[in-house]
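Hi everyone, thanks for coming along. Please have a look at the sequence and the structure on the screen, and then I'll walk you through them.

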Amino acid sequence: MSQTKKIIAYINIAHFIDHYAMLIFAAAVIVIAPTFNMKYGELLPYATPGFIAFGAGSLFTGWLGDKWSRRNMMAIFFFGMGLTLLGVSFIQTPLQLGIMLLLIGIIASIYHPVGTSMLVAHAEKLGKEIGINGVWGNAGVASSALITGVITQYLGWRIAFLAPAIVCLVIGISYLRNIPSSVDLIITKSSVSPARVSKSVMIWVMASLVITVIASSIAFNTITVALPKLFQERLSGLTTNTAALGSITFFVYLSGALAQYIIGNLLDKHSLKNIFLPLAIVIVPTIYLASTMSDYGLIVLAIVFIVGIFGQVTVNDTMLGKYTADEWRGRAYAARYFLGFTAAGLSVGLVSILYNQGGFDLMLKAIAGLSLLTVIGAIIFPKENRAN
């Protein structure tokens, strides 16, 4: 395997770990809350600081990756994630849990600005590689619900954090052995695509990106945090088994992850707007309709809106990758993820508030309304002048 392929492989694995780790608690909170004599809505907000740090920390980690070493920052990611997940498995109080989830968020903030910058720097076909990378990340989202559900059902929630901690530490050792520090000097020039819109309309690209990042990030995080609990409540006619619910959640997320691969390839062949707009439109009605659905109908709608939400991430990352130079790409992605994940971090509290006020009916309708902003972002995004 070439050095470039090794780098991309580790970056993809890191993306899996990043999303997997951030959502272990979202799946395990159903089991953890009763151990502290707390309700779901009471314990869930303890994850809010970690999700905010997930976004806010990216400003510093992206800058450090550009100025110091992307390769070394990713080493810190693997080892740091292993140690923090290990720490959660030993907590004894909700406060300790909140502190450890905050540390997980800080370490997790490394991946997106640093890892995505490394990926773009070494990718020969940008859309395709971002699509594949998206599959890995959202397979992490899907697997977190499945594996955490199975482990908590049969081995307990502490093992759900301990097992991935060990895996992260082993991968970190392998990464240091296989990826030399010299990779920071290597850039695959064919990966750098020129901007495909004139400078006079660049402001519309940025306005579209800002609107879309805020709206789609809140929708993404709210749905991924809430889906395990939503399925627990609304799929009770089908099953109440935690492992079975985790399996259903896994397959719903996996559909979105596989769609990202297809969307990534389409972005190399078609204009961004032609992919962007249909994805944005499909999200709104499906989330709204899902607010009153249950059992099989809910599963079908969930697959559709997850495809739209996950696909939007691929569009956003490709958009930014096309219009930024490598020397400051880490900081550009840092700003993108700071904006997106900081807004998304607030969604954990939003889930708790809306759930306590009107259950998932109110929460899903609110997210459907917010997703109209993504449609606006897609509409104002300019047509590309593609160079064929």
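**A walk through the model**

Let's begin with charges: the structure holds one salt bridge, a term for a side-chain nitrogen of Lys or Arg within 4 Å of a carboxyl oxygen of Asp or Glu. Before I show you where, a word on the source: this is a predicted model, in which local features need pLDDT of at least 70, side-chain atom pairs count only at pLDDT 80 or more, and totals for chains, interfaces and linings use all residues. Residues are numbered from 1 along each chain as its sequence is written, and side-chain values use heavy atoms, with hydrogens and water left out.

So which residues form the salt bridge? They are aspartate 361 and lysine 365, and their closest N and O atoms are 3.6 Å apart. Both sit in helix H13 (residues 329–370), four residues apart, or about one turn of the helix. Aspartate 361 counts as partly exposed because its relative accessibility is 27%, and lysine 365 is partly exposed too, at 31%. Here buried means under 20% relative accessible area, exposed means over 50%, and partly exposed is in between, using a 1.4 Å probe and protein chains only.

Now the whole chain. How many helices and strands does it have? There are 14 helices and zero strands; these are DSSP runs numbered from the N terminus, with helices (H or I) of at least four residues and strands (E) of at least two. Of the 388 residues, 60% are buried. Among contacts (heavy atoms within 4.5 Å) with a separation of 6 or more, 87% are between residues 24 or more positions apart.

Let's go inside. In soluble globular proteins, nonpolar side chains tend to be buried together. A nonpolar core is a set of buried Ala, Val, Leu, Ile, Met, Phe, Trp, Tyr and Cys residues joined through side-chain atoms within 4.5 Å. The largest one here has 117 residues, and Phe25, Met74, Phe77 and Met81 touch the most other members. Helix H1 (residues 3–35) gives the most to this core, with 17 residues. Leaving aside residues up to four places away in sequence, methionine 74 touches several partners, including Ile11, Ala14, Tyr111 and Tyr175.

On to the rings. The structure holds eleven aromatic pairs: rings of Phe, Tyr and Trp (its six-membered ring) pair if their centres lie within 6.5 Å, and planes under 30 degrees apart count as stacked, over 60 as edge-to-face and the rest as tilted. Phenylalanine 16 and tyrosine 20 are a stacked pair, 5.9 Å centre to centre with 20 degrees between the planes. They are separated by about one helical turn because they are four residues apart in helix H1. Phenylalanine 16 is partly exposed at 22%, whereas tyrosine 20 is buried at 7%.

There is also a cluster to find on your screen: Tyr10, Phe77, Phe78, Tyr111 and Tyr175 form one aromatic cluster.

Last stop, serine 144 in helix H7 (residues 126–154). Is serine 144 buried or exposed? Serine 144 counts as buried because its relative accessibility is 0%. A polar atom of the side chain of serine 144 lies 3.4 Å from the backbone oxygen of leucine 23. Not counting residues up to four places away in sequence, serine 144 touches Tyr20, Leu23, Ile24, Ala27 and Gly149.

Conventions:
Polar contact = N/O pair within 3.5 Å; in protein donor to acceptor, adjacent residues only side chain to side chain.
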